[in-house]
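Subject: Structure for your review

Dear colleague,

Please find below the structure that I am handing over to you.

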Amino acid sequence: MATRTHAPDHPLRRMAGNAVGRALRVLRRHRIPEIGDCTLALLLDPYRFVGRTCAEIGSDVFASRFLLRPTLFLMGQEGAELFSNPAYFQRRGAVPLRLQRTLLGRGGVQTLDGERHHWRKAMFMSLVGPEQVQRLVSLTLRHLKSRAQGWPGFIDIDFYEEMRNVLTRAVCAWAGLPLSEAEVPLRTQQLTALFDQVALFGPPHWRSLYMRRQAERWTRDVVRQVRKGKFTTPENSALFTVAWQRDSDGGLLKLHTAAVELLNVLRPVVAVSVYAVFTAMALEAHPDWREKLARGNGRMLEAFVQEVRRFYPFFPQAVARTRCRFEWKGLRFRKGVRVMLDLHATNHDPRLWDAPDTFRPERFLEQAVGAYGFIPQGAGDHYVNHRCPGEGITVELLKVVAKFLARDVNFELDAEDREINWRRLPPLPRGEFMLRNVEVMQ
């Protein structure tokens, strides 16, 4: 039987072989790592899935399908900086409709790009100056102390519910909205429904839709009354600012848009109640820090609050869509693809944070914080990018809560209240999170 022999080596054959090899290497280099459909995995573990997957495949970006749609997942400081570049990414058409209809509202600032976004964002930034933030802080502390006076009469205190009640009262007073005592439970319920478990399917989502409609009807009616002169509110209030805000085309915001944006002022403040729960957890788990904060060191208080925001989960990802085709770190991105930047994974990136899964506020006294490495409420510049304009408010409100719990209240937690339910959006402890054996200092 004849045997096949290798053809003699030839320079052209070697050149062809080398060219094929280079082509294959280029193809592999430009291809984004891909995994199968991740819908179930992400829904079951929305905060840890992306970071764990990136670590397993050795890449800051990977492709998958989520809710039947091709999606890229991104993490890390460099990824956050890329994601914040408006030349490559846009928000229009990125946010899933179910979140627009519940969490954000249709036509809100989070879905805008370019000049329209900058124009609208300037309105929000005008509301968060030092004097305005301090006024909200004072209102919050006053309502918190008022509520706490009734705590000793109860065995267990639902701290999440208490904080939502306090923050609803404070933000409505601060924003200039009329709010009678009889309305407080309803408005608290409505504002909570705009961020608590909005991404679920079935009855919880339907409830959020219903509450969104009711809340928009409320804010729409208030804006209408201001514009017709039937209700007067201070000129430095959020209600006055939103009611008379003009869009980039020079006309007043449409009534529906004004109602949505007013809720985008109220909702994030009430959502700070989630961080307030984590603040209580952290103080109970780290009694040494309770003693430090009770002594009133401002730098320590700032570091503690920032570590709460870094360590504990809040919202998992920010969403955008690629504006054009481009290359990044040797990888090719196609136009029109949904991209999700993982906030929690970046805040726990071991390349940025030493012992990232350890609660250690000292880190914020030892290292500078960058706009793309510490991103609990979005990345980049507050004025230019889609970073939350109320981030400074969050920090100051958490200082109020931390100082109050460290100085003015003694409490205990059950063991189940120390474990986080990672499937929940936003996450909360698995138990009912009751403050037990509460003692309010006089």
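The largest cavity in this predicted model has a volume of about 40 Å³. With a threshold of 30 Å³ or more, the count comes to one cavity. Its lining consists of Tyr-275, Arg-309, Arg-310, Tyr-312, Pro-313, Phe-314, Phe-315, Leu-343, His-344, Asn-347 and Pro-376. Two elements, helix H14 (298-311) and helix H15 (343-347), each give two or more residues to this lining. The most comes from H15, which supplies three residues. By class, the lining of the largest cavity holds seven nonpolar, two polar and two charged residues.

Tyr-312, one of the residues lining that cavity, also belongs to the largest nonpolar core. This core has 90 residues, and those that touch the most other members are Trp-151, Phe-159, Trp-174, Leu-177, Phe-304, Tyr-312 and Leu-405. Helix H12 (residues 255-285) gives the most to the core, namely 18 residues. Apart from neighbours within four places in sequence, Tyr-312 is in contact with Tyr-275, Phe-278, Met-281, Ala-282, Glu-307, His-344, Phe-359 and Ile-420. Among these contacts, Tyr-275 and His-344 also line the largest cavity. As general background, nonpolar side chains in soluble globular proteins tend to be buried together.

The lining of the second largest pocket divides into eight nonpolar, three polar and seven charged residues.

Finally, the cysteines. How many disulfides does a search of the whole structure find? The search returns zero. Cys-388 is in no disulfide, and the nearest cysteine sulfur, which belongs to Cys-172, lies 17 Å away. Is Cys-388 buried or exposed? Its relative accessibility is 18%, and Cys-388 therefore counts as buried, since the cut-off for that class is under 20%. Cys-324, in contrast, has a relative accessible area of 25% and is therefore partly exposed.

With kind regards

Conventions. Residues are numbered from 1 along each chain as its sequence is written. This is a predicted model: local features need pLDDT of at least 70, side-chain atom pairs count only at pLDDT 80 or more; totals for chains, interfaces and linings use all residues. Side-chain values use heavy atoms; hydrogens and water are left out. On a 1 Å grid over the protein atoms alone, a cavity is a set of points where a 1.4 Å probe fits but cannot get out, and a pocket is an open set with protein on both sides within 12 Å along at least five of seven lines; lining residues have an atom within 4 Å of a point. Grid points are joined across faces, edges and corners, and a volume is the space filled by probe spheres set on the points. Helices (H or I, at least four residues) and strands (E, at least two) are DSSP runs, numbered from the N terminus. Ala, Val, Leu, Ile, Met, Phe, Trp, Tyr, Cys and Pro count as nonpolar, Asp, Glu, Lys and Arg as charged, and the others, Gly among them, as polar. A disulfide is a pair of cysteine sulfur atoms within 2.5 Å. Buried means under 20% relative accessible area, exposed over 50%, partly exposed in between (1.4 Å probe, protein chains only). A nonpolar core is a set of buried Ala, Val, Leu, Ile, Met, Phe, Trp, Tyr and Cys residues joined through side-chain atoms within 4.5 Å. Contact means heavy atoms within 4.5 Å.
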